[in-house]
Amino acid sequence: RRVLAQLVADRRTLALIMAIPTALLILLYFVYYDYPGAGALFNRIAVSMMAILPMIVMFLVTSVTMLRERGSGTLERLWTTRLHRADLLFGYAAAFTVIGVLQSLVMWFVGDFFLGVRTEAGAPWVVDVTGAGAFVGIALGLVASAFARSEFQAVQFMPVFIIPQLFLCGFFVPTAYLPGPLERIAAVLPMTHTVAALEEVRLQSAPGQGYWKALAVMLAWGIGALVVASLTMPRRTR
């Protein structure tokens with residue numbers, strides 16, 4: 001409740017969280033506006049971006065916010081209570097996931113009603129995946145914040161946690177065409193499963209076993225990252 005109240009009070013940050021992914025999706029729409037065969041191409045790319053963008057944005061917001069909490073001494077005050085690290089981090093993750101789901105709903109609404117983005121499956125299937133992707137980004141952001149000593153360092157962790165996943169997830173090149181070692185690495189990365197799940201949502205009205213497997217892998221990654229963050233989060237501000 002405290003984190004959600006803090007986010008609601010910080011209207012500028014809340015507006016940026018809600019607006020940036022959707023604004024980027026709109027920009028992408030106009031990038032492909034006059035491109036030959038733009039409709040089908042943009043639709044495929046936009047569906048994948050509905051999961052990739054929330055993961056990236058929530059990683060950045062969560063890691064920087066947690067570093068700010070440490071720098072302000074808020075965490076040290078919380079450590080004096082009976083609160084456990086896991087309670088704190090799962091609370092942060094729950095609060096930011098609510099915001100991530102709202103962010104995903106805004107993206108889907110604008111994409112569906114204004115940009116012509118179409119999927120065979122309905123909105124709940126899309127939002128489930130995009131919300132899970134945001135949850136993974138939040139959890140990875142909390143891990144990054146545990147190792148970073150400043151907000152600038154937290155942002156620098158993005159090339160470590162996010163960019164390799166973007167290259168290997170199948171967005172640029174299908175994972176089947178990657179070299180063997182890279183394909184095996186891609187098979188375990190959460191963003192790969194996020195893109196695969198949304199591709200199934202785009203093509204099938206009733207996503208099957210592959211969808212649920214991808215969702216389970218993303219949730220496992222998110223929970224595992226939260227456990228790692230709870231074990232590594234420092235108790236003192238340096």
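## Pockets and a surface patch

In this predicted model, helix 11 (190–203) provides the largest share of the lining of the second largest pocket, namely 5 residues. That pocket holds about 280 Å³ of space, and of the 16 residues that line it, Cys169, Gly170, Thr175, Thr192 and Ala196 are the closest to its centre. Besides helix 11, the elements that give two or more residues to this lining are helix 3 and helix 10 (180–186). By residue type, the lining of the second largest pocket comprises 8 nonpolar, 5 polar and 3 charged residues.

The volume of the largest pocket is about 350 Å³, and the closest to its centre, of the 19 residues that line it, are Thr13, Leu16, Ile17, Val61 and Thr65. Helix 3 gives the most to this lining, with 8 residues, and the lining as a whole divides into 14 nonpolar, 3 polar and 2 charged residues.

Leu16, one of the residues closest to the centre of the largest pocket, also belongs to a nonpolar surface patch that it forms with Ile20, Leu24, Leu27 and Val31, and together these residues have about 440 Å² of accessible area. Val31 lies in helix 2, which spans residues 11–31. Is Val31 buried or exposed? Val31 counts as exposed because its relative accessibility is 55%, and the exposed class requires over 50%.

Terms used: Residues numbered from 1 in each chain as written. Predicted model: local features only at pLDDT ≥ 70, side-chain atom pairs only at ≥ 80, totals over all residues. Heavy atoms only, no water. Patch = residues over 30% accessible without salt bridge, like charges linked within 9 Å, V, L, I, M, F, W, Y side chains within 5 Å. Areas by Shrake-Rupley, 256 points an atom, 1.4 Å probe, with all protein chains shown as cover. Salt bridge = Lys/Arg side-chain N within 4 Å of Asp/Glu carboxyl O. Helix = DSSP H or I, 4+ residues; strand = E, 2+ residues; numbered from the N terminus. Buried < 20%, exposed > 50% of the residue type's maximum accessible area, 1.4 Å probe, protein only. 1 Å grid on protein atoms, 1.4 Å probe; cavity = no way out; pocket = protein on both sides within 12 Å on 5 of 7 lines; lining within 4 Å. Points joined across faces, edges and corners; volume = space filled by probe spheres on them. Nonpolar A, V, L, I, M, F, W, Y, C, P; charged D, E, K, R; others polar.
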